[in-house]
Amino acid sequence: MAETADFIVIGAGIAGASAAYELASDSRVIVLERESQPGYHTTGRSAALFTETYGNRAIRAITGASRAFFETPPRGFSEHPLLTPRGTLLIGRADQEASLALALAEGQRTLDAVSMIGGDELAAKVPFLKPGYAKAAVWEPDARDMDVHAIHQGFLKGLRARGGKVVTDAEVMGLAVDGDWWVETRAGIFKAPVVINAAGAWADVVAHMAGAKAVGLVPKRRTAFTFDVPAGVAVEKVPAVIDVDETWYIKPEAGRLLGSPADETPSEPCDAQPEELDLAIAVDRIEQALAFGVGRLHSKWAGLRSFVADKSMVAGFAKKTPGFFWLAGQGGYGIQTSPGMARIAADLARGRSLPQDIADRGLDAADLSPNRLSLEV
Ligand SMILES: Cc1cc2nc3c(=O)[nH]c(=O)nc-3n(C[C@H](O)[C@H](O)[C@H](O)COP(=O)(O)OP(=O)(O)OC[C@H]3O[C@@H](n4cnc5c(N)ncnc54)[C@H](O)[C@@H]3O)c2cc1C
């Protein structure tokens, strides 16, 4: 006997959990997750930064539309603040002046508070930069750290409180349609008129099982690690420092620094692991910028950031596969956009138009539709 729902969501990462939470306000929702822990893949491996100047126009609009939820979540969503002050500096050397000018123009198009700083002001914010390294930096004061665990758990807990269900150890093995979708998993068979594909790096694999055309998703490996800093160096109040051409970044993480070479190596969908070469590249780039050497690596990991060609997200029904809904391509912004994307996905999956406040930010459903991608015709 199949268990039935109005919506079946495949994948309990941030995309699936948040969309399921929104849908559960008026519908029966079942989330199917392959792993025993919902945050095991990309969602549990992020750098936890909220920045409204990151990504293309569509990403910035959805990030901006997500801020209010993080700042004032529904009562009972989390016992902890979801955002805490951080700020970001997009930093550049003298030979990166053109990139700095572009980043400033782009940043100011999005946020009034963005400015260019240099000299003593920059040194005061990051006292341990190597003297003479940086020409200037684009300062975004309102960027925040996110409590990713609290956000993800808040969506899952809220989903359950609304009567929704998460089934773990439930890898989807096959999908068949006869008016309703029949979803075969390791934990049994489930049935619903609409299936939401929030399978992260595996979204094209799931589409293939359903007989839907791929959207050309490319999972890209990104490496991160935390490292010790010399005794007496205070890092906690330092902003995130990101190379303006995104070739490395650092940010405080529990008394240490988190570092990354900002790599984007195409990969098959998998349980991504860090490569020694990427770690070495990161250490080299970071040491060129800092007044001290990178200390002992405390922890290291990698995760897959999945993109389609235009780097916007994918949300909408597949044109030729009725009832098959895409929620994929979260790239490097899936946490910071999750409240906005969840509302977008829930409205589109119910057959409605985009939420008005998001449309007012200049976004059109066509910007996110799987049908904009040439592979989905
Ligand atoms: C190093 C790094 C730094 C990052 N920094 C940031 C940041 O600062 N800010 C930000 O907003 N974002 C950041 N990101 C990006 C963010 O983490 C992702 O966009 C987001 O986590 C993607 O969520 P997801 O739910 O799409 O994917 P996932 O979390 O991977 O979830 C997909 C789920 O689908 C499940 N699944 C797959 N196939 C099946 C199947 N057949 N059956 C059942 N379940 C299945 C998987 O097990 C998985 O749990 C970063 C990512 C990395 C790697």
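1. Apart from neighbours within four places in sequence, I8 is in contact with I30, L32, W181, V183, F190, A192, V195 and I196, where contact requires the C-beta atoms of two residues, placed from the backbone, to lie within 7 Å. I8 also belongs to the largest nonpolar core, which has 118 residues, and I8, A19, V195, I196 and A345 are the members that touch the most others. Such a core is a set of buried Ala, Val, Leu, Ile, Met, Phe, Trp, Tyr and Cys residues joined through C-beta atoms within 7 Å. At least three residues of this core come from each of domain 1 (3-68 + 147-215 + 310-372) and domain 2 (88-141 + 218-306).

2. On provenance, the model is predicted, with local features requiring pLDDT of at least 70 and side-chain atom pairs counted only at pLDDT 80 or more, while totals for chains, interfaces and linings use all residues. Residues are numbered from 1 along each chain as its sequence is written.

3. For the overall form, the protein contains 10 helices and 22 strands, these being DSSP runs numbered from the N terminus (helices H or I, at least four residues; strands E, at least two). The radius of gyration is 21 Å, which agrees with the value near 21 Å for a compact globule of 377 residues; this radius is taken over C-alpha atoms, and the globule rule is 2.2 Å times the number of residues to the power 0.38. Along the principal axes, the C-alpha atoms fill a box of roughly 65 × 40 × 40 Å.

4. Of the 377 residues, 51% are buried, a class that requires 20 or more other C-beta atoms within 10 Å of a residue's own, with exposed meaning 12 or fewer, partly exposed in between, and C-beta atoms placed from the backbone. Among contacts with a separation of 6 or more, 74% join residues 24 or more positions apart.

5. The protein is divided into domain 1 and domain 2, with bounds that come from an automatic or database domain assignment. Contacts between the domains involve 18 residues of domain 1 and 19 residues of domain 2. On the domain 1 side, the touching residues divide into six nonpolar, nine polar and three charged, where Ala, Val, Leu, Ile, Met, Phe, Trp, Tyr, Cys and Pro count as nonpolar, Asp, Glu, Lys and Arg as charged, and the others, Gly among them, as polar. The domain centres, taken over C-alpha atoms, are separated by 29 Å.

6. The ligand lies between the two domains, because both domain 1 and domain 2 give residues to the shell around it. Of the 39 residues in this shell, G11, G13, G200, G303 and G334 come nearest, a residue being near if its C-beta atom, placed from the backbone, lies within 6 Å. Helix 1 (14-23), strand 15 (218-227) and strand 20 (297-307) each give two or more residues, and helix 1 gives the most, with three. By class, the shell holds 18 nonpolar, 14 polar and seven charged residues.

7. Two backbone angles deserve a look, since most residues other than glycine have a negative phi. E246 has a positive phi of about 50° and sits in the loop between strand 16 (240-243) and strand 17 (249-253), where E246 is partly exposed because 16 C-beta neighbours lie inside 10 Å. K311, with phi near 65°, is in the loop between strand 20 and strand 21 (314-317) and is also partly exposed, with 14 other C-beta atoms within 10 Å.
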